[in-house]
Amino acid sequence: MIIVLTGLILSASPSQAKNEVNAAPSSSQEINTNLVLADLLENSGSRQALIDKLRTADGEPTASPSDSKLTSTEAQPKGEQKKSFARTIALTTSNIGSSIKQQFSALFTAVAALFNSEIATAETAAIVAVAINIAVLIGVTFAVFILFRLFARRPFSIINTWACKGAKKYAMLRTIGAVTAAGLVDTGVVLSAYLIGNTTASLLHTHNGADATRLALLLNAFLLVEGVKLLLRMLFASRFPALRLLPLHETQAKYCNRFFANLVGFTGYGIMVLVPIVNKNLAPTSGAALTTLVVLCAAIYFSIVVLRNKNDIRQNLLTKAKAYQGVRSIVLRLLARYWHLLALTYAIAVTFSSVLYPETALPFIATASLKTGFYIGIGALLLTIIRQLIGREINLPTSLTEQLPQLQSRVNTYIPTGLKVLGTLVATIISVFTLDAWAVFDLYAWYDTETGSSAVSSLLDCLLILVLASTFWILAASYIEHRLSPNKKVTPSAAARAETLLGLFRSSLAIVIIVMTVMIILSEIGVEIGPLIAGAGVLGLAVGFGAQKLVQDIINGVFIQLENAINTGDYVNVGSHEGTVERVGIRSVALRDLFGTYHIVPFSSVEAVSNFTRDFAFHLGEYGIAYRENIDHAIEHLKAAFEELRQGAHKDDILEDLQVAGVSALADSSVNIRVLIKTAPGMQWAVGRAYNRLVKMHFDKAGIEIPFPHTTLYFGEDKEGLAPPAYVRVDTDKPEIAPTEASSTTS
């Protein structure tokens, strides 16, 4: 209130205004002064005399013309050719101190003049009248504003209730719509109060003779400050949580809203209302001093609040850092440790800038800060909306997932990577615009140059190329998987073929897309790819001559895959190796045999492929019986054993009835009967083992002899042709004879 009264008293003083009118020079005097000054500056001698006069007036020694011609080496002692860093800091600090001293001296002089007894008693009535007019304007404007704010609570409540309903996926969109609607209502309240205040100011100017300029300053400051507070209410809505853009607790939102509102109100009304009045009625130096005082008080208040909440904000940032990994976690941890130092540095920079450049620093800092907050808010809002719209996974239409079953899973695999890239891009754009806001470099001037426009165009083209390449890869890979496995229920051979060809085609497609994408991007950024293509051709020719075996491996492998000769899981014989296929690559095939040995066979060494697990297989069995057995009777028992096999665990592996080929051979000691059992691929060995077991059991039960090797003992004969007698003794005293004893006894 003291500062407000100071401005009012100064503005209401008729004598002061009269003195300013009398002190103002006429236009003719200004012209003559300018001409004389121009003549002085044109003559070198008079110019040097003027410089010496100014230095003498400031207390510095006069420099002669000869001294001004000294070089920097002659004028300064050794070791001080250039100003040292310490001297520069000292001079800067001295200038800041002198500026602060000068500004506050002017302010104290102006305040002391208010209590001068020379002020006429007649001026007191004018001061009171002006104060009454401003008080009436302030009272009417803020009363209407508070009343309309009370009426607006009902619409705010309705909008808040609407925003709390609906799916979580569209929560941020509803919040943005609700905040926008509430902002429009709040804007209507501020504009209504401003219009009524403007009408009141017109009436006061018409009937009471109030200064319209002064009243307009107050109303404009009200409109701007309350507009900024409106944005703060959109960020920190304390009464209605659904109308709050930032995810804060109600207590935190109230505290932040109150803190920033106080800061904006104090600095806004102080600088936009009081400082112009002081500049108009007293002097610009007094206005600069008042600006410094306002900024200093705001910086002290800001620093106190920062230090008071240092630990709480640190804990909140550390808690958020635990939920992330990588760069984001590191940044949050560093910010938690040093955020208060950054805030205090900002406050100190604002204070010293207002002291050094009182007319330009504050508007620049305020504009840059608002732009920075706007850019960061827009970027964070866009990322939040995208994350909520996309969610953790995308659900594609059922018709599309039936045609491309792997498309949805592949798209959802790339979502986190896409969000990270998008976040990095948004952070980069925000950083660039923030640097432009703080005048680190001129973004628009750089963009107007050929280099800037071409760089932005190339960046957009590269991003578009990457998006198109990723989209093509997702669609093409999903289509390949769909063609390799067209049905949900596939045979084991089809599944093995799909697994084999999938790696080959997917790797080839990935290589082609990566090479083409890199080439196009290099071309977009200005790299000449003609020599690269020519060099790649020459290198390919050299590799072709030097690696003929490798080329043969690849070509043979491609044709083997196209002919569907080998699939993963097949039991094959390639070259001199036999085993189960574990991997089929572009150049070689990997086998594991029955002993567990792992073989890698190059395709160039494969002359023939014997696949034991393709379509179907046969168990070929030959069973020998003694010559005295009945062949038809033996065949009946072979069929009986097959029927029992068909009813057992291998019933699904048998594809057809038993085929009895007949007697295949009359061997030395047996009659061989051949049978065939058609089985599923790869099951012929298991079915054959089970059938051999049943055949043995059935033959034993039927008493059919399966010949086995016999040994004939020859005791020899003498010259007369008589065989020596064999001594054989049967021991009937011991009914149970051990096998070893029996054999020894018999022998």
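**Entry: a surface patch**

I looked up Ile555 and found it in helix α23. Helices here are DSSP runs of H or I with at least four residues, and strands are E runs of at least two, numbered from the N terminus. This is a predicted model, where local features need pLDDT of at least 70, side-chain atom pairs count only at pLDDT 80 or more, and totals for chains, interfaces and linings use all residues. Residues are numbered from 1 along each chain as its sequence is written, and side-chain values use heavy atoms, leaving out hydrogens and water.

Which residues form a nonpolar patch on the surface? I noted Phe505, Leu550, Val551, Ile554, Ile555, Val558, Phe559, Leu562 and Ile586, with about 710 Å² of accessible area together. Areas come from the Shrake-Rupley method with a 1.4 Å probe, and for residues only the protein chains shown count as cover. Patch residues have over 30% relative accessible area and no salt bridge; nonpolar side chains (Val, Leu, Ile, Met, Phe, Trp, Tyr) are joined within 5 Å, like charges within 9 Å. Helix α23 (residues 548–562) gives the most to this patch, with seven residues.

**Entry: α9 and α10**

I then checked α9 (residues 153–163) against α10: their axes come within 9 Å and cross at roughly 175 degrees. Axes are lines fitted to C-alpha atoms, for helices over the stretch in contact, with angles from 0 to 180 degrees between N-to-C directions. So α9 is roughly antiparallel to α10 (over 145 degrees; under 35 is roughly parallel, 65 to 115 roughly perpendicular, the rest oblique). In α9, Phe156, Ile159, Trp162 and Ala163 meet α10 residues including Ala178 and Val185 (contact means heavy atoms within 4.5 Å). By class I read eight nonpolar, no polar and two charged residues in this contact.

**Entry: a salt bridge**

I found eleven salt bridges, each a side-chain nitrogen of Lys or Arg within 4 Å of a carboxyl oxygen of Asp or Glu. In one, Arg149 pairs with Asp186, the closest N and O atoms being 3.1 Å apart. Arg149 lies in helix α8 (residues 121–151) and Asp186 in α10, so the pair ties together parts 37 residues apart in sequence.

**Entry: α14 and α15**

Last, I saw α14 (residues 310–322) pack against α15 (residues 327–356) at about 175 degrees, axes 8 Å apart. That makes α14 roughly antiparallel to α15.

Notes
Nonpolar A, V, L, I, M, F, W, Y, C, P; charged D, E, K, R; others polar.
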